[in-house]
Amino acid sequence: MKKLVTVLFTLLLPLTLPAIKAQTNSTPSEGVSDEQLLRTGIKELSDDSFGGRKPLTPYESLTINYIADKFKALGLQPVNGSYFQEVPLLSVKTNVKGNAVALKGKKGTAKLRMMDDIVLWTLRAEEKLKLPKTELVFAGFGIHAPEYDWNDYADIDVKDKIVVVLVNDPGFYDDNLFRGKNYMTYYGRWTYKFEEASRRGAAGVIIIHETAAASYGWSVVQNGRTSDILSLNSPTGNKELVALQGWITGEAAQKLFDISGRSLDEALAAAKTKGFKSFPLGVTTSIETVNNVHVANSHNVVGILPGTDLKDEYIIYSAHWDHLGIGTPVDGDSIYNGAGDNASGVSALFVIARKFKQLAQPPRRSILFLAVTAEESGLLGSEYYATHPLFPLRKTVVNLNMDGYGDKLRTSEARAAGGGLSKDIDRYVVEAAAVQGKHVTFTTSNPGGGFFRSDHFNFAKAGIPVVLAGGSKSLDPKAAEEHRKLWEGKNTYHQPSDEYREWWDLSGSLEDIYLYYGIGLRLANDGYFPKWDDATYKTVREAQK
């Protein structure tokens with residue numbers, strides 16, 4: 001291993017921070033350092049003039065043309081004659097009649113106010129929806145997981161009913177269940193809850209929000225649903241999906257259980273234990289919606305650097321270009337700029353593209369740069385690419401997804417997602433980190449379901465090995481503590497306050513970008529196809545052979 005790392009260090013020596021800055025001063029982008037390229041891209045893409053970069057708004061054209069122009073200027077080529085891949089989306093703005101949901105139960109009635117108590121939407125291409133006198137059922141976590149001997153739907157019929165479920169999975173509350181408290185499985189994701197209920201013919205799904213279990217507050221739920229909701233558009237107009245999807249606050253859930261004559265605390269406790277039996281709540285509701293429906297094409301932006309003797313094999317660097325657009329004002333600001341999330345990731349693509357283009361010898365494999373749409377709406381652009389790939393999945397070597405490369409100081413170590421996902425990928429991460437003089441800690445932790453919350457997940461589902469790695473442990477703890485004070489009291493996730501600031505320190509993000517460049521460079525030249533160890537993804541990959 002020592003000899004291998006030494007050879008790799010010689011190959012990738014320009015990846016060290018001082019060397020890269022010196023190297024880029026004599027490149028085709030004369031006088032523009034990597035930091036300047038990264039900083040400029042973040043600043044420009046998150047400017048108010050881009051309107052928060054929401055897909056299917058007038059700002060989409062501005063955004064995707066900006067990215068395509070950058071790709072072209074950096075020397076990337078179009079794919080099949082274009083820098084764009086069309087992604088058919090369905091846009092629906094759901095308006096609930098009366099702006100409230102009226103509930104009738106054994107112990108009285110309750111009214112839940114839209115946005116304050118409950119958030120509902122539809123992903124169906126229907127201008128009107130009506131659920132008359134619909135029953136509500138409590139189905140625990142809404143999970144059917146044979147491998148964990150868990151089935152919340154075992155003894156209850158939910159067809160044409162509204163299912164009320166908990167966020168996350170049982171392991172969040174009991175280390176002996178599923179994969180324990182520190183690893184949310186896909187069964188814990190809200191997307192799974194809607195998918196499973198749809199398969200069972202439910203009319204709707206309402207998830208009870210709890211900040212710790214969801215890993216974000218109610219304001220994030222609100223901000224993501226204040227305007228039209230985007231989804232991929234199926235041939236049926238998404239009629240195979242539940243009619244209504246939504247979230248409810250914990251306080252509103254208490255009102256629901258109060259009128260049902262059931263104890264919420266007892267129901268929650270029971271749902272977290274093995275052998276739980278779902279039950280009707282004895283509550284009904286009638287909901288009518290009028291929906292503004294729009295079908296249109298959004299766009300992924302693509303640029304390729306062709307390889308040489310292995311040009312028909314592909315490394316994919318990806319980042320989502322979208323954010324939340326213009327929404328509910330916070331402190332007088334209604335533009336959700338998305339500087340860190342994810343103008344920074346797209347700008348990271350620019351940095352890596354230029355580094356590959358500057359190589360004296362082009363890489364053996366082709367490098368595809370992919371800026372995807374509608375990540376914030378459920379990873380839609382990457383899902384569309386994974387199901388409509390521009391190049392064969394079996395010839396796609398790896399995905400390195402860039403999400404969140406903003407203000408970050410330099411680090412002394414690196415952390416990566418491990419836990420038996422892919423020992424091959426782990427090896428590439430270790431070797432690239434060694435070039436930076438960093439030790440890698442592999443974590444099996446996934447408490448907030450982060451593995452399922454960015455675009456790499458769709459590539460993993462399609463069998464493509466993915467990399468999740470970055471710097472950890474501050475190089476200068478004292479400086480980091482002083483820098484952290486600049487963020488005190490600032491909550492920027494999915495908020496208008498996610499704006500570019502001149503005082504951002506990008507040195508740590510640059511190190512992470514170079515780490516990904518180093519991994520991709522090695523894979524682009526060694527001809528090896530890394531393998532999965534995780535059975536779920538390994539099975540999909542092997543079926544592609």
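**Largest cavity**

I looked up the lining of the largest cavity and found 18 residues in it. Nearest its centre lie Lys 54, Asn 223, Gly 224, Asp 228 and Leu 324. I noted that the model is a predicted one.

Next I checked the volume. The largest cavity holds about 180 Å³ of space.

Then I asked which strands each supply at least two residues of this lining. I found strand E10 (229-232) and strand E14 (325-330).

I also sorted the lining of the largest cavity by class. I wrote down seven polar, six nonpolar and five charged residues.

**Second largest cavity**

I moved on to the second largest cavity. About 90 Å³ of space lies in it. I recorded 14 lining residues for this cavity. Ala 417, Leu 421, Ile 425, Asp 426 and Val 466 are the ones nearest its centre.

Which elements each supply at least two residues of the lining here? I listed strand E18 (411-417), helix H12 (423-435) and strand E20 (466-467).

I noted twelve nonpolar residues in the lining of the second largest cavity, with one polar and one charged.

**Count**

How many cavities of 30 Å³ or more are there? I wrote down four.

Key
Residues numbered from 1 in each chain as written. Predicted model: local features only at pLDDT ≥ 70, side-chain atom pairs only at ≥ 80, totals over all residues. Heavy atoms only, no water. 1 Å grid on protein atoms, 1.4 Å probe; cavity = no way out; pocket = protein on both sides within 12 Å on 5 of 7 lines; lining within 4 Å. Points joined across faces, edges and corners; volume = space filled by probe spheres on them. Helix = DSSP H or I, 4+ residues; strand = E, 2+ residues; numbered from the N terminus. Nonpolar A, V, L, I, M, F, W, Y, C, P; charged D, E, K, R; others polar.
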